[in-house]
Amino acid sequence: MNITRILLPVDGSRFSDAAADMAMDMAASFNASVVLLHVRKTVPTGLGQPNADELLEYLTKNAEVVMAHYRGRLDNARIDYIDLVVGGGVADVIANVAEVEKCDLVVMGSKGKSNLEGLILGSVTHKVLNIAHCPVLVVK
Ligand SMILES: Nc1ncnc2c1ncn2[C@@H]1O[C@H](COP(=O)(O)OP(=O)(O)OP(=O)(O)O)[C@@H](O)[C@H]1O
Ligand SMILES: [Mg+2]
C-alpha cells in the first residue's frame, strides 16, 4: 500500500489529538503529506442581522483556534501539509475532501467533542466509515 496523502479531520478534542499523533507518525514513516481539515458549522439561512454576522465571526474564530493548535504541531514535526476550513455537513465534507484531494487514507478520532459515555463511535466517524471511498483509520 502506497500512502502519499493523509486526510486528518480535526475538532480539537483529545481524540483528534490522538489521531493527529498517529497521522504525523505515519506521514513521517511513509514520507506522505497531510491534509489538515476542520469543518465549520454553517450559518442557518434566515437568521437575520446582526446575528448571522456574529455567528459567522464566532465560527470563524473558533475554527482558527482549532487549526492553530494542529498547525503548530505539524510545523514542529516538519510535516508537509495543507490546511482547509470548509463549512458544511461534517461527514459529507470529510468524505468529499478525501476524494477531491486524492487522499489514500483518513485518520480520525473514534469520538470527538461530545464524547458521549457508552458510545464507541461518534456520529461523524460512523458516517465517514459508511460513505468514504478510501480506508479510514479510527484512533482511540
Ligand atoms: N467539525 C469537525 N471537523 C473535522 N473533523 C471532525 C469534526 N467533528 C468531528 N471530527 C472528527 O471526527 C472524530 C469523531 O468525532 P464525532 O463528532 O464523531 O464524535 P463526538 O463529538 O463524540 O460525537 P457527536 O458529534 O456524534 O455528538 C473526531 O475525533 C475528529 O477526527
Ligand atoms: Mg462531534
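**Labels and their cut-offs**

Modeller: The buried residues of H3 are covered by elements that include S1, S2, S3, S4 and H4. Cover here rests on contact, meaning heavy atoms within 4.5 Å. Helices (H or I, at least four residues) and strands (E, at least two) are DSSP runs, numbered from the N terminus. The model is predicted, so local features need pLDDT of at least 70 and side-chain atom pairs pLDDT 80 or more, whereas totals for chains, interfaces and linings use all residues. Residues are numbered from 1 along each chain as written, chains are lettered from A and ligands numbered from 1 in the order written, and side-chain values use heavy atoms, without hydrogens and water.

Biologist: Which residues of H3 are buried?

Modeller: They are Ala91, Val93, Ile94, Ala95, Val97 and Ala98. Buried means under 20% relative accessible area, exposed over 50%, and partly exposed in between (1.4 Å probe, protein chains only).

Biologist: Why is Ser13 called buried?

Modeller: Its relative accessibility is 5%, and the limit is under 20%; therefore Ser13 counts as buried. Ser13 is in the loop between strand S1 (5-9) and helix H1 (14-30). Beyond its neighbours within four places in sequence, Ser13 is in contact with Tyr70, Lys111, Gly112 and Lys113.

Biologist: What makes the pairing of the Ser13 and Asp11 side chains a polar contact?

Modeller: The distance is 2.7 Å. A polar contact is a pair of N or O atoms within 3.5 Å; within protein, one must be able to donate a hydrogen and the other to accept it, and residues adjacent in sequence count only if both atoms are side-chain atoms.

Biologist: Is Val124 called buried, exposed or partly exposed, and why?

Modeller: Val124, in helix H4, has a relative accessible area of 29%. That value falls between 20% and 50%, so Val124 is partly exposed. Leaving out residues up to four places away in sequence, Val124 touches Val90, Ala91, Ile94 and Met108.

Biologist: How do you know which residues surround ligand 1?

Modeller: A residue is near a molecule if one of its heavy atoms lies within 4 Å of it. For ligand 1 there are 22 such residues, the closest being Pro9, Lys111, Gly112, Ser114 and Ser123. A polar side-chain atom of Ser123 is 2.5 Å from an oxygen atom of ligand 1, and a backbone N or O atom of Val124 is 2.9 Å from an oxygen atom of ligand 1. The elements giving two or more residues to this shell are H1, strand S2 (33-40), helix H3 (90-100), strand S4 (105-109) and helix H4 (123-131).

Biologist: Why is Lys102 called exposed?

Modeller: At 63% relative accessibility, Lys102 is over the 50% limit, so it counts as exposed. Lys102 is found in the loop between H3 and S4.

Biologist: What makes the phi of Lys102 worth noting?

Modeller: Phi is near 55°, a positive value in a residue other than glycine. Most residues other than glycine have a negative phi, and most peptide bonds are trans. Asn31 also has a positive phi of about 55° and is not a glycine. Asn31 lies in the loop between H1 and S2, and its 71% relative accessibility makes it exposed.

Biologist: What is the form of the peptide bond from Gln49 to Pro50?

Modeller: That bond is cis, with omega near 5°. Pro50 is in the loop between S2 and H2.
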